[in-house]
Amino acid sequence: MIKKSLICLSLLASFQCAAGSKLLGTAAVNHIEGSAGGGLTPWAVLSGYATDSEWGAATFMSSASVDDYALNAMGFALNYHDKLELSYAKLNFSIDAGLPDIDMDVFGAKYHAFGDVVYGDMPQISIGIQHKKVKDFTVPAAVGASDDAGTDLYISAAKAWLDGPFNRTFVVNLNARMSKANQIGLLGFGSAQDNGYKVSLEAAVALFVTRNLVIGTEYKQKKGHLAGLKEDDWHDVFVAYLVNKSLSITAAYIDLGDIAGASEQRGYYLSLQGAF
Amino acid sequence: MTIFKPKFLLFCLALALSGCQSKPQSLLYDALGADDGVKLIVEDFINEVLYDKRIAHQFNSTDLDNFHDKLVEQICQVSGGPCVYSGKEMKALHQDLNIDQRQFNAVVEALIKAMQNNNVDVATQNRLLNLLAPMHQDIITK
C-alpha cells in the first residue's frame, strides 16, 4: 500500500500545473486528524490550493513512532472556494505491550469565517468541528472512558508576516478547543467521574527558510478525563519540504509525554501530502 | 523533564523576533539590482504574466511598453529608488477588470518567478512582496 501511495504521490508531483491558485505553503500540510495544519494541530488555513473561485483537495499519509506506541494516519480533505473544508482521517494506534490496536475515524469540517492569512491586517479566522469515533472500545473502556465517540469544536486564527524575522515569511497559528477526548480520543471520551467539555489551547509557529523549506514548532495543550492516568501536553519541532503545490514531505521530532501510564513518549513523525 | 516547554517556545520566539532589529538593511532598490535589475525583473514578470492562462487575457488591450515603464517606476519608488510613479491610481486602473483572488495570486506568483529568474534572494523577494501586498485591497474587485 505504501508503494502504491508513493507512486500516486509522485504522479501528483508531476501534475503541478493542475494546482489551485493559493500561494505555495498557504494550504499548510495535513495534521494527523485530517484537516490542514502542522503535524499535531489544525491551523486556520484550509487544505488544498483552492482560492475563492476554485476547488481543491489534499491527501496524506502520516506515521509517528514513539517509545511504546505507533500512530499511523491517512486521509483526505476537500476544499470548496477556500471557504469550507471537509476532511476524513483514519487513525491506527498500536501499542507495543500487545494490547489490541485502537482505530479511530475523524470526520471534520472547517469553515473559513473571515480574514486572510496573507493579505490584510486581520488574521484568518476559522471554526472547526471534528467528530471522532473509536472502533474497538475495549482498551478505552478498560482505562475508564465513558464514550467511544465525541465531538470537538475549535476556533483557529492564523497570520503570516511576509517579511518577518530575518526577512523570512513567518506564520503564527493559535487555536482554542473544546473537547471531551482522552488522548485526542484514542482512549475514548470522558469518564464516569469527569464527563464535561474542557477548553485547551494550541499554538504553532512556522518560518519559511526558503519558498519550499519550512521549519516550525507546535504545542498542544491536553486535558484528559481519566482518573489516575496522567495526560501531558504535546510538542513537536518540524521541517517541511514543499516540492511544489502538489507534494510535500514533513518530518518532526515529537514529544507526547505520558500516555496511559507509559512515561516520556518521544519519537519521530513523517508525513507525505499530495494536494492540488 | 521534557525540553519543549512553553517557556522554551517563548524563548525561541523572542530570539526570532530580536533578529528583526539586529542590523540596518541595505536599500531595497539596490538589493533588487537598481535600475538594470528592476527593468530585468519587470521584463521577466511581463513574460510570466503573458504565459499564464489565468491572467494573460487581462492584458489583451494593454500597451505593454507603457505597462513596463510604469511598473518599473512603481517598483523603483516603493523600493526607495530615485523615481516617482507617474501612472494612475491602482484602484482606478483595476476597478473594471473583475479581478479575483485567483488572478491576484497568479500575479504574485509571476513576480516571484521573475525575481527567482534574476537570482533575487528570498529576503529581498519578501521585502518587495511585503510592500506590494497591501495593494491587494485596491486590486481585487470581485
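Trainee: Let's start with Thr124(B). Buried or exposed?
Mentor: Buried. Its relative accessibility is 4%, and the cut-off for buried is under 20%. Keep in mind that this is a predicted model.

Trainee: Where does Thr124(B) sit in chain B?
Mentor: In helix 7, which covers residues 122–132 of chain B.

Trainee: And what is Thr124(B) in contact with, leaving aside its neighbours within four places in sequence?
Mentor: Three residues: Leu28(B), Ala31(B) and Leu32(B).

Trainee: Staying in chain B, how do helix 3 and helix 4 cross?
Mentor: Helix 3 spans residues 34–51 of chain B, and helix 4 spans residues 64–78. Their axes come within 9 Å and cross at roughly 130°. So helix 3 and helix 4 of chain B are oblique to each other. The crossing is right-handed.

Trainee: Which residues make that contact?
Mentor: From helix 3 of chain B, they include Val38(B), Val42(B), Phe45(B) and Ile46(B). From helix 4 of chain B, they include Leu64(B), Phe67(B), His68(B) and Leu71(B).

Trainee: How many are nonpolar, polar and charged?
Mentor: The contact has 10 nonpolar, 1 polar and 2 charged residues.

Trainee: Switching to chain A. How many strands close into the barrel?
Mentor: 12 strands, with antiparallel pairing. The order is 3-4-5-6-7-9-10-12-13-14-15-16. From one strand to the next, the twist averages 20°.

Trainee: What holds paired strands together, in general?
Mentor: Backbone hydrogen bonds.

Trainee: Which strand does strand 3 of chain A join, by 9 bridges?
Mentor: Strand 16 of chain A, and the two run antiparallel. Strand 3 is residues 55–66, and strand 16 is residues 262–275. For one pair, look at Thr59(A), which stands opposite Gly274(A).

Trainee: How many bridges link strand 15 and strand 16 of chain A?
Mentor: 11 bridges, in the antiparallel sense. Ala251(A) has Leu270(A) as its bridge partner there.

Trainee: What about the hairpin of those two strands? How many residues lie between strand 15 and strand 16 of chain A?
Mentor: There are 2 residues between the strands. In that hairpin, Ala260(A) takes a positive phi near 50°.

Trainee: Last one. How many bridges join strand 6 to strand 7 of chain A?
Mentor: 10 bridges, and the strands run antiparallel. Find Phe107(A), then look opposite for His131(A) in strand 7 of chain A.

Conventions. Residues are numbered from 1 along each chain as its sequence is written. Chains are lettered from A and ligands numbered from 1 in the order in which they are written. This is a predicted model: local features need pLDDT of at least 70, side-chain atom pairs count only at pLDDT 80 or more; totals for chains, interfaces and linings use all residues. Side-chain values use heavy atoms; hydrogens and water are left out. Helices (H or I, at least four residues) and strands (E, at least two) are DSSP runs, numbered from the N terminus. Buried means under 20% relative accessible area, exposed over 50%, partly exposed in between (1.4 Å probe, protein chains only). Contact means heavy atoms within 4.5 Å. Two strands pair if DSSP finds at least two bridges between them. Axes are lines fitted to C-alpha atoms, for helices over the stretch in contact, and angles run from 0 to 180 degrees between N-to-C directions. Angles under 35 degrees count as roughly parallel, over 145 as roughly antiparallel, 65 to 115 as roughly perpendicular and the rest as oblique. A crossing is left-handed if the near helix is turned anticlockwise from the far one by less than a right angle, and right-handed if clockwise. Ala, Val, Leu, Ile, Met, Phe, Trp, Tyr, Cys and Pro count as nonpolar, Asp, Glu, Lys and Arg as charged, and the others, Gly among them, as polar.
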